[in-house]
Amino acid sequence: MSGSGEKPVLIVDGKRLDGRLPGDIRPSRIEANVLKNAAGSAYIEWGNNKIMAAVYGPSEALPKHTSNPERAVIKCRYQMAPFSSLEEHGRSGPNRRSIEISKVIKEVFENAIITENFPGSEINIYVEVLQGDGGTRAAGVTAAAVAVAASGIPMTDLPYGVSIGKIGDQIVIDLNKIEDNYSDADVPIVISPRTGRILLLQMDGDMTKDEINRGIRMAADAGKMISKMQSDALKKQYMEISEKYKNEAPSYTPQAQK
Amino acid sequence: MQRIVVPGEKLEDKPLRIDEAFTEDGKTYSTIMSVYDEERKVLTPLEGMWYPRMGDQVVGVVAEDKLSVYFIDLNSPYKGLIFAKDCNDDLMAGDIIEASVKELDKTKTAILTRPRKLFGGKILYVNPAKIPRILGKGNTMIRQLTQLTQSSITVGLNGLVWIKGGKVDLATEAIVTIQQEAHTAGLTNRIKALLETGK
Amino acid sequence: MKTTITGEYIKEMLAKDMREDARKLLEYRDITIRIGTIPNAEGSAEANIGNTKVLAGVKLGVGEPMPDKPNEGNLMASAELLPLAAESFDVGPPTPEAIELARVTDRGIRAAGVVDLSKLFIEKDKVWNVFIDVYVLNYDGNLFDASALAAQAALSSCRMPKYDAAAETVIREGDLGRLPLANMVVSSTFGIMSDKIILDPNANEELFIDSRLTISTDGNNIRAMQKGLGGSGFTPKQVDTMMDVTLERSKDLRSMIKKSIGE
């Protein structure tokens, strides 16, 4: 929505500039547990977005006045690297945009994490955008959910993010940077796939009520693929080791004692 | 039939009481990465953390020395506390101790008792969910480890494993392998082979 | 797997010339370098030394020259110890450690004349600014050598954008040349403990070493040094030994960078 100059043609014969149909997401992959020190981590490549997410904790909430005796507090920082854009070198440090995005991501995880299990503690979630190409908060949430799950922190669901938009009279999902710059609307959303509830919803632009409803349905349809990608990334390391030894005689497993 | 499940994944179409699971609208879902045994209706966590429980034997690192009390890092959301009067050794930040949980205060801080300083050696931070596997049934695995490496090994239920002397590198390798392969078949035999052929 | 060691254990091992991760005293951990990991940046590289993981990104922009060097481009290096890299790294303004890392990285590149700044003149009052950002993704000791490797590999593989004077825009894509370089720099970092010298200290060792020394070299001469951590320092003979080891190891490090950029 910030594009200047002449607006490029973004959809030709129903196909987008990168060949996608309106309801297609960009090719993506997720890898879990890529960083050694973090309790859990995930790296996501979502189109040209490259994002690292990691979680630390739960640990004692500090400073003390930030702690909540009923539940864990979630702290989140989203940041874009100074070299993440194809344009100018960016400024480092927080800005109004990154502080707002950090807040809305935090609120997603306050819902998904079972915070009442850890009264008085804090959980830190970090989302570092190494390369950005539109939709970084959605991809960041998708990666952060994998990082939290990989850390063993209990959650009621694995939320995922995707954006909805409008290009001309066409409703599309997962806008890349160019599409975002020249679209008529951009609506990042995060969905909890188990319940279908929407945990993050922002919008700026111009869409009808019906168009937004249609966009949300398209996002939820694409979400099945995103959920599978998250789940596969989490299970992969265990599956590979299990597969390797599947023909050996079963030995003691802790629950057999009961 | 056993399957690996992620948080929010459905376990049963009916409401069942299962540890680390929750029920909603008449169905049962997992809250963490785990192996679900469909016959026995049991979830075994693949990742997890340790919460202080009365009576648990733990290994910790002294974080702060506050004259009358020591705060202990237990690799948990909650820290441990030792009253200096309960302690024969003079402790300093960085020292390693073994102790047991006597009680929990209202902020879930674990009050530790019978502390014993562990001199030298090193600590491995093991995923607490894998500690039962490192101990083995009736402590068979840890006994085998100690015998075949000649190392002193102290296992804390909070996931800290202290090793000193003997074949430290071999003991470390065996523990790393157990942690990585805890959910697989034939582990006990593979560890035995590793320890017997190891240098 | 995360480990913690006691000073006593490290000293026992050192007395036998051994280290906790089974390395020799003057041995590096496994090193890998990958270039081009961030295609949006003009240059980028990830360097791993054991579990230490550092990403460097290079961006170019048009700016004004320094008053005392009107015909030269500018170079700026920054470093961020990201809070996802270690429990002890916090959110907030750069710490003295982050600033030291940035300045040591910057000094090595500047002192060795790695970037040919004289070729970065565009027109009167317009030169290229070269921004190097070091991003620490996972900390396990010796950030200095990892940053030097990542920054050098990112520069060695850096595209040179074009300036369209008529439109006053920078062209960053398409058929571009390489950033003009005049040299290559690598560093070796040592720790001293119980009067023994160890190369490439890991995070556990960094807790117990007495003094630290980072030596940057272009392969022939010494180009920058930084002593760190306080402690009782070194004897001249120890410094001599560390310079020898640095020059020797620089052959491998330089060939690793060359290999990563396909030379």
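Because the model is predicted, local features are reported only at pLDDT of at least 70 and side-chain atom pairs only at pLDDT 80 or more, while totals for chains, interfaces and linings use all residues. Residues are numbered from 1 along each chain as its sequence is written, chains are lettered from A and ligands numbered from 1 in the order in which they are written, and side-chain values use heavy atoms, with hydrogens and water left out.

I begin with chains A and B. Their contact, meaning heavy atoms within 4.5 Å, involves 38 residues from chain A and 43 residues from chain B. The size of an interface is often given as the accessible area lost when the parts come together. Here the buried area, which is the accessible area (1.4 Å probe) that two parts lose on being put together, summed over both, is about 3,300 Å², with 59% of it on carbon and sulfur atoms.

Three salt bridges cross the interface of chain B and chain A; the term denotes a side-chain nitrogen of Lys or Arg within 4 Å of a carboxyl oxygen of Asp or Glu. Arg194(A) and Glu24(B) form a salt bridge, their closest N and O atoms being 3.2 Å apart. Which elements of chain B supply at least two residues each to the side that touches chain A? They are strands E1 (2-5), E3 (21-24), E4 (27-30) and E6 (42-45), together with helices H1 (131-135), H3 (168-181) and H4 (187-197). Helices (H or I, at least four residues) and strands (E, at least two) are DSSP runs, numbered from the N terminus. By class, this side of chain B has 17 nonpolar, 14 polar and 12 charged residues. Ala, Val, Leu, Ile, Met, Phe, Trp, Tyr, Cys and Pro count as nonpolar, Asp, Glu, Lys and Arg as charged, and the others, Gly among them, as polar.

Helix H4(B) also packs against H2 (residues 140-149) of chain B, at an angle of about 10° and with the axes 10 Å apart. Axes are lines fitted to C-alpha atoms, for helices over the stretch in contact, and angles run from 0 to 180 degrees between N-to-C directions. H2(B) and H4(B) are therefore roughly parallel to each other, the term for angles under 35 degrees. Among the residues making this contact are Met141(B) and Leu145(B) of H2(B), and Ile191(B) and Leu195(B) of H4(B).

I turn to chains A and C. In this interface, 27 residues of chain A are in contact with 29 residues of chain C. The buried area is about 2,500 Å², and carbon and sulfur atoms give 60% of it. Phe83(A), Leu86(A) and His89(A) supply 29% of the area that chain A buries here, more than any other three residues. One salt bridge is counted between chain A and chain C; Glu88(A) and Arg172(C) meet in a salt bridge at 2.7 Å, N to O. On chain A, E5, E6 and strand E7 (121-131) each supply at least two residues of the side that touches chain C.

Finally, the backbone. Most residues other than glycine have a negative phi, and most peptide bonds are trans. The bond from Gly57(A) to Pro58(A) is cis, with omega near 0°, and Pro58(A) lies in strand E5 (residues 49-60) of chain A. Leu62(A) and Pro63(A) are also joined by a cis peptide bond, with omega about -10°; Pro63(A) is in the loop between E5 and strand E6 (73-80) of chain A. Asp25(B) has a positive phi, near 50°, and is placed in the loop between E3 and E4 of chain B.

Definitions and conventions
Angles under 35 degrees count as roughly parallel, over 145 as roughly antiparallel, 65 to 115 as roughly perpendicular and the rest as oblique.
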